[in-house]
Amino acid sequence: MEIKKIYCDFSVCKVSDYSFVDLNAEYCFVGKTDEEKSLVCVTDKVPPNVIRRDDRWKAFRIQGILDFSLIGILSEISELLAKNEIGIFAISTFNTDYILTKKENYQKALDILDNAGYTVVD
């Protein structure tokens with residue numbers, strides 16, 4: 001399975017509303033619950049109405065379109081990284097999964113996955 005590096009810095013944010021979010025940006029993940037409105041975006045695209053933010057995230061994705069019948073991919077990756085004390089922030093989309101790690105752990109995470117049999121591509 002291929003892991004595709006993404007060459008952007010990301011921020012995980014809580015926003016008051018989505019009025020300033022650039023939904024046409026290359027990467028923009030929004031989530032809304034009864035308690036909050038969340039946003040994950042490229043750091044340069046963080047909107048001005050942020051309530052809280054956490055910067056210095058890097059991302060990679062599982063390359064290709066994953067069939068919904070596939071089981072355990074995200075679990076396996078998170079377990080491999082957790083065993084090496086690397087926390088993740090995971091985002092699932094219709095096509096695939098995105099995994100974010102803090103910038104200081106990014107290369108170590110990619111090396112761990114590469115050594116575990118994943119193919120890391122640019």
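View 1. Cys28 counts as partly exposed, since its relative accessibility is 21% (buried is under 20% relative accessible area, exposed is over 50%, and partly exposed falls in between, with a 1.4 Å probe and protein chains only). This is a predicted model, so local features need pLDDT of at least 70 and side-chain atom pairs count only at pLDDT 80 or more, while totals for chains, interfaces and linings use all residues. Residues are numbered from 1 along each chain as its sequence is written, and side-chain values use heavy atoms, with hydrogens and water left out. Is Cys13 buried or exposed? Cys13 is buried, at a relative accessible area of 4%. Its closest cysteine sulfur belongs to Cys41, and at 4.8 Å that is too far for a bond. A disulfide here means a pair of cysteine sulfur atoms within 2.5 Å, and the count comes to zero. Cys28 is in no disulfide either: the nearest cysteine sulfur, again that of Cys41, sits 6.6 Å away.

**View 2. Rings around Phe10 and Tyr27.** Searching the whole structure turns up five aromatic pairs (rings of Phe, Tyr and Trp, the last by its six-membered ring, pair if their centres lie within 6.5 Å; planes under 30 degrees apart are stacked, over 60 edge-to-face, and the rest tilted). Phe10 and Tyr27 make an edge-to-face pair, because their ring centres are 5.6 Å apart and their planes stand at 70 degrees. Phe10 belongs to strand E1 (residues 2-15) and Tyr27 to the loop between E1 and strand E2 (28-32), so the pair ties together parts 17 residues apart in sequence. Helices (H or I, at least four residues) and strands (E, at least two) are DSSP runs, numbered from the N terminus. Both Phe10 and Tyr27 are buried.

**View 3. The largest nonpolar core, and another one.** A nonpolar core is a set of buried Ala, Val, Leu, Ile, Met, Phe, Trp, Tyr and Cys residues joined through side-chain atoms within 4.5 Å. The largest has 14 residues, and Ile3, Phe60, Ile62, Ile77, Leu81 and Leu113 touch the most other members. Two or more residues each come from strand E4 (50-62), helix H1 (73-83) and helix H2 (106-115). H2 gives the largest share, five residues. Apart from this core lies another, of 13 residues, among them Val12, Tyr27, Phe29 and Val42.

View 4. Ile73, Ile77 and Leu81 are the buried residues of H1. Looking down the H1 axis, they fall within an arc of 55 degrees, so they line one face of the helix (the arc is that of the directions from the helix axis to the C-beta atoms). They pack against E1, E4, E6 and H2. In H2, the buried set is Tyr106, Ala109, Leu110, Ile112 and Leu113. Down the H2 axis these span an arc within 160 degrees, so they too line one face of their helix. Their cover includes E1, E4, H1, E6 and strand E7 (119-121).

**View 5. Thr101 and the Lys58–Tyr106 pair.** Thr101 lies in strand E6 (residues 97-102) and is buried, with 0% relative accessibility. Beyond residues up to four places away in sequence, Thr101 touches Arg56, Lys58, Leu81, Tyr106 and Ala109, among others. Two of these contacts meet each other as well: Lys58 lies over the face of Tyr106, 5.8 Å from the ring centre. For that, NZ of Lys or CZ of Arg must be within 6 Å of the ring centre and within 35 degrees of the ring normal.

View 6. Arg56, in strand E4, has a positive phi near 75 degrees despite not being a glycine. Arg56 is partly exposed, at 46% relative accessible area. Glu85, in the loop between H1 and E5, is another non-glycine with a positive phi, about 60 degrees. Glu85 is exposed, at 73% relative accessibility. Gly117, which follows H2, has a positive phi near 105 degrees. Finally, Asn95 sits in the loop between strand E5 (89-92) and E6.

Notes. Contact means heavy atoms within 4.5 Å.
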